[in-house]
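The following exercises each set a task and then work through its solution step by step. Please examine the sequence and the structure before reading on.

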Amino acid sequence: MPAPAHDRRPDPDALLASFQREEKRARRGSLKIFFGMCPGVGKTYAMLRAAQQEQKDGTDFLVGIVETHGRAETETLLAGLPVLPRKQIDYRGIQVTEMDLDALLARQPRPRLVLVDEFAHTNAEGSRHPKRYQDVVELLDAGIDIFTTLNVQHVESRADAVRQITGATVHETVPDSVFELADQIELIDLTPEALRERLAEGKVYLADRARAAADGFFKDTHLTALRELALRFVAERVEKRLRELRATSPLKTVWRSGERLLVAIGPSPSSLQLVRWTRRMAAAQGASWIAVSVESSRALLPEDRRRREQNLALASELGAEIVITHDENIAAALVRVALQNNATQIVVGQSRNPRWLDFVRGGNLVDRLLRISGPIDIYVVPAERLAEKPGLRIDWQAAFHAPAREYCDVLTTVGVLTVVSWFIVPYTGYLSVGLLYLLAVIVLSLRVGRWPVLAAGVLSALTWNFLFIPPLFTFVISKFEDGMMFATYFIVALVSGQLTGRFRAQARHERLREARATALFHLTQALSAARTLDDAVFAALRQADDIFGAKTALLIADNDTLTAHFAGSFTVTEKERAVAEWAWRHRKKAGRFTDTLPSSEGFHLPLVRDDTAHGVLVISVPPDTPLTLAQRELAESFATQLALVLEREQLRAVGEREKLLAESDKLHRALLDGVSHELKTPLAVLGAAAETFATADAPTRENPAGEIRTATRRLTRLVTNPLDQTRLESGVLKPHLDWSDAHDLVNAALDGVREALVSHPLETAVPADMPLFRADAALMEQVIANLLLNAALHTPSGTPIFLAAGVDTARARVFFTVADRGPGLPAAMRERLFQKFQRGDAARAGGLGLGLSIIRGFVVAQGGEVVAGENPGGGAVFTIYLPFTAHSNVPTE
Amino acid sequence: MPPAASTAPVEILIIDDEIQIRRLLRITLEAGGYRVREAENASLGLNEAAVQRPDAIILDLSLPDMSGLDVLRRLREWSHTPVLILSVQGDETAKIAALDAGADDYLTKPFDGGELLARVRVLLRRARPAGEVSIATFGDVQVDFTRRTVTKAGADVHLTVKEYALLRLLLQHRGKVVTHRQLLRDIWGPGHEEDTHYLRVHMANLRKKIEAIAEQPAFLKTESGIGYRFTDAG
């Protein structure tokens with residue numbers, strides 16, 4: 001029966017299967033952490049044992065990196081396991097080895113499971129990621145399962161606790177958010193006694209750099225405390241998992257407790273503790289949390305600014321939502337943000353300002369918060385005394401950084417005023433001179449910075465005192481009223497200086513905000529005005545250059561490559577391209593100011609829309625001028641805008657392509673239609689003439705007119721089939737379902753093909769009482785006729801053909817079966833049978849191979865299906881199923 | 001067989017844009033003893049029909065200037081000349097529309113010359129009423145319209161009212177197709193035009209009572225997707 005000729009069309013099922021395989025590969029790998037309280041409990045050993053088990057189970061795995069520290073037990077286990085060769089890195093003349101991430105990812109086929117020891121390890125400089133856990137995350141993203149080891153002291157949120165227990169500061173930490181990725185945690189527990197025994201037996205080897213901490217670590221009390229910490233940590237996690245499982249609410253965002261914590265973060269190092277404390281509280285309550293930083297007009301020292309951003313980064317890493325707000329009143333700002341975000345608890349650090357400063361500021365932060373917080377709970381977390389100098393710190397640098405011109409203005413104004421006053425003082429008296437000075441200070445405060453104003457206040461006060469307040473030419477004030485005057489003057493001058501400074505800062509801040517808004521506005525304006533993509537990119541990049549004072553580049557994704565747009569002012573080197581590529585593939589920021597390849601020159605922002613990265617925006621600023629947080633936010637807004645533009649462009653291109661395809665399809669159909677129509681008329685004439693002659697002059701079949709008739713009928717079918725195929729494919733075919741009688745259908749079908757079936761005895765079996773069913777009579781007749789023709793065409797003459805019909809009430813369907821005693825259908829080709837242009841092997845088979853494809857199309861259009869199978873006694877069976885529903889009662893009268 | 005024996009030759013108008021089809025029809029019809037006129041488009045055809053008053057019209061459904069259906073509607077405004085529709089295979093909707101719009105029968109291309117002549121004969125017979133027939137006979141069946149009785153091989157056949165109505169209607173249009181719609185409206189009344197299953201069930205019962213082999217009817221033929229035709233031509 002019909003067999004594949006040459007199959008050029010991809011098999012849809014095979015395609016689907018390959019997509020599913022792709023999808024499986026694209027799934028995230030699972031992470032298993034072997035967790036312990038301290039070094040030496042046997043995590044690596046346990047991990048290798050587990051790996052051996054996997055090896056027995058036949059899992060394809062690889063040892064990414066495992067430190068044996070020369071321990072015999074571990075080395076024995078490692079022997080016989082496949083190990084990835086390490087990467088040699090030359091670090092300041094010293095050869096260090098790291099896990100070769102690139103080689104691992106490049107390996108084909110990729111291993112299912114990779115062992116990566118020491119999760120918290122810091123990679124040598126020059127590696128792709130600063131931290132090994134980032135390598136692991138990338139491996140997980142690539143769909144590889146990971147086994148790794150970790151001690152409790154390396155968990156970010158427990159680092160403080162460990163330091164308090166052991167006194168040793170832990171530098172290598174893993175963010176809790178990364179820890180949350182673990183699908184499985186195996187706690188390797190050991191009693192402190194057993195551990196000390198192992199120590200004594202020399203079974204625990206410590207790397208040199210850890211030796212220093214060893215004394216602290218392995219004290220009995222410490223071990224007990226650490227063990228408890230580790231156990232509790234794992235227990236908490238288990239409980240959390242349980243809660244997640246138990247939560248039946250479909251809304252994942254609804255927190256069980258309804259609690260939401262807000263932590264205030266400043267530039268102080270103690271904020272780090274605050275962050276960790278809040279994270280622990282949030283985890284314990286099953287609550288979400290927000291970290292808020294309030295910016296005031298008070299300029300921060302660069303160092304403070306950096307620290308505050310570090311604190312925020314930590315909070316973000318620990319899973320907090322970050323909010324930055326601007327307000328002079330910190331307490332009011334915190335309450336405002338808390339209300340906006342439905343926070344139920346505010347966490348602040350204990351104030352360590354001197355009392356007098358708190359008093360001047362209207363009470364300390366906690367007092368002010370308590371006064372206005374209303375229903376919101378306030379938690380005050382005592383800060384540990386770190387090496388931080390409390391109190392009012394003066395930004396001397398800022399003082400000296402004020403422009404010299406402003407100090408010149410101050411000197412000139414005070415000088416001129418002094419000279420003028422010298423001449424008018426005999427007429428006005430020295431008190432009026434004081435008022436003049438005050439006026440000058442206030443006028444100055446409108447024009448110069450805070451520090452020059454303070455300088456003007458001090459200078460004018462001293463000058464006034466020295467030159468005008470008696471006794472003259474001394475700084476002595478003799479009269480009480482003069483003293484009061486002077487003191488009032490001094491305070492008014494200082495306060496007005498402060499006030500105007502604050503106003504100016506606020507104004508500057510407003511200007512900045514406005515500048516940002518304007519920049520975005522201009523960008524969107526430029527983008528919407530741009531007529532082509534090139535125009536848009538050009539406009540956007542020039543704007544970015546101006547705003548960030550940077551060189552920028554845009555890489556646009558096309559199929560599977562990134563292409564740098566010519567409008568970029570930043571030349572993308574091979575190295576930068578690799579970073580961009582990473583950012584694009586992972587849809588994450590990379591390069592400078594990030595954790596991934598921070599040593600690169602550019603800040604790489606993927607342009608993401610709906611999970612698709614359309615390209616990468618690269619911003620390169622000079623090394624000494626880092627982008628501020630606000631600027632980075634702006635850059636991200638830029639990236640979003642650009643992503644929108646690129647997406648629009650892509651959609652447009654897709655639309656264009658589809659239009660073109662549709663157009664060519666239409667043309668193709670019109671052509672086929674036309675050709676078929678043109679062929680049909682002569683065929684009709686030929687046919688009519690042949691029919692007339694054949695019936696008129698010949699009782700015998702073997703006359704020439706009869707041959708012409710047969711040939712004409714075949715030609716007609718040949719013309720009709722592509723037309724039907726076209727009707728099917730264009731969706732023009734709208735089956736007209738009506739109640740049908742199986743006998744009528746079979747009779748009509750047989751009428752058309754009786755002649756072709758002469759050499760095959762036909763046995764029909766249609767039950768006399770077969771009920772009516774819904775079908776399109778014309779389509780069904782053609783389907784049955786085609787199946788009969790097919791059977792006649794593909795089987796040796798003389799072999800019988802069976803046609804049967806019936807109702808399968810159990811499955812509510814009617815069936816029509818056409819069976820033969822021919823060579824049958826090889827199982828392998830049954831699926832392909834119904835595709836276009838499939839023809840039987842038998843050379844004598846005619847037609848374009850559209851027959852079965854049309855049959856399927858017609859049947860499917862009527863809501864049915866066609867199945868090809870093996871006739872039990874040899875030969876092929878085609879069965880058509882159509883849905884069956886009984887018609888409503890027919891009134892007898 | 002040919003009615004040419006009568007004084008005036010019967011005139012048939014062919015409206016078709018394909019010259020070859022026209023020629024073929026002319027050859028066949030002239031061989032049958034008819035006189036033939038041709039029109040190559042709808043307006044010429046309508047003109048001819050009005051001026052020459054042909055006895056029957058053969059109309060192609062696809063014409064260059066107007067659809068065959070529109071020609072038919074305009075024709076039916078002033079003429080009852082029998083019309084035979086010529087159409088291609090698979091265009092059931094258009095055929096039904098034409099039949100419901102007043103065409104008398106249809107023929108699918110490619111056609112057999114004998115069939116064409118038979119259809120034309122049926123058309124003309126109806127156009128010339130030969131008086132009310134009171135008894136119809138076919139095979140071994142006799143239908144007496146005045147007594148409303150049916151006998152088969154001499155024995156009485158009991159038909160239900162609807163079955164009898166169905167048989168009578170088809171016999172009235174003997175040799176000509178009657179659409180589902182026409183049958184349903186005439187027998188069951190307006191509002192039942194879509195209840196084709198009534199028709200199918202009653203037709204199956206009627207065939208069991210009338211036909212020799214109900215599954216392979218000799219007289220009550222199905223015109224798939226269109227309607228039924230009573231034929232005793234063979």
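**Exercise 1. Describe the open sheet of 5 strands in chain A, and the helix α2 that lies across it.**

Solution. Step 1: the strands of this open sheet follow the order β3-β6-β7-β2-β8 in chain A, and their pairing is parallel. Two strands pair if DSSP finds at least two bridges between them; helices (H or I, at least four residues) and strands (E, at least two) are DSSP runs, numbered from the N terminus.

Step 2: β3 (61-65) and β8 (184-188) of chain A are the edge strands, each pairing on one side only.

Step 3: direction ignored, neighbouring strands of this sheet are turned by 20° against each other on average.

Step 4: strand β6 (residues 113-116) and strand β7 (residues 145-151) of chain A run parallel and are joined by 4 bridges. A:Leu115 has A:Phe147 as its bridge partner in β7(A).

Step 5: helix α2 (residues 43-56) of chain A lies across β2 (31-36), β3, β6, β7 and β8 of chain A, and runs at about 165° to β7(A). Axes are lines fitted to C-alpha atoms, for helices over the stretch in contact, and angles run from 0 to 180 degrees between N-to-C directions; contact means heavy atoms within 4.5 Å.

A note on the model: it is predicted, local features need pLDDT of at least 70, side-chain atom pairs count only at pLDDT 80 or more, and totals for chains, interfaces and linings use all residues. Residues are numbered from 1 along each chain as its sequence is written, chains are lettered from A and ligands numbered from 1 in the order in which they are written, and side-chain values use heavy atoms, with hydrogens and water left out.

**Exercise 2. Describe the open sheet of 3 strands in chain B, and the helix α8(B) that packs on it.**

Solution. Step 1: the order is β10-β12-β11 in chain B, with antiparallel pairing. β10 (177-179) and β11 (220-223) of chain B each have a single partner strand, so one side of each is left without a neighbour in the sheet. From one strand to the next, the twist averages 30°.

Step 2: β11(B) and strand β12 (residues 227-230) of chain B run antiparallel, joined by 4 bridges. B:Phe230 in β12(B) is the bridge partner of B:Leu220.

Step 3: α8(B) packs on the sheet by touching β11 and β12 of chain B, and its direction makes about 150° with that of β11(B).

**Exercise 3. Determine how helices α7 and α8 of chain B pack.**

Solution. Step 1: helix α7 (residues 180-188) and helix α8 (residues 196-210) of chain B pack at an angle of about 85°, their axes being 10 Å apart. Therefore α7(B) is roughly perpendicular to α8(B), a term for angles of 65 to 115 degrees.

Step 2: α7(B) contributes B:His180, B:Leu183, B:Leu184 and B:Trp188 to the contact, while α8(B) contributes B:Thr196, B:Tyr198, B:Leu199, B:Arg200 and B:His202.

**Exercise 4. Characterise the interface between chain B and chain A.**

Solution. Step 1: 29 residues of chain B are in contact with 30 residues of chain A.

Step 2: the area buried between the chains is about 2,500 Å², with carbon and sulfur atoms giving 57%. Buried area is the accessible area (1.4 Å probe) that two parts lose on being put together, summed over both. On the side of chain B, B:His197, B:Arg200 and B:Glu215 lose the most area to chain A, together 22% of what that side buries.

Step 3: there are 2 salt bridges between chain B and chain A. A salt bridge is a side-chain nitrogen of Lys or Arg within 4 Å of a carboxyl oxygen of Asp or Glu. The side chains of B:Arg200 and A:Asp744 meet in a salt bridge (3.7 Å, N to O).

**Exercise 5. Locate A:Pro471 and describe the peptide bond from A:Pro470 to A:Pro471.**

Solution. Step 1: A:Pro471 is in the loop between α19 (450-468) and α20 (480-529) of chain A.

Step 2: the peptide bond from A:Pro470 to A:Pro471 is cis, with omega near -5°.

Technical notes:
Parallel < 35°, antiparallel > 145°, perpendicular 65-115°, else oblique.
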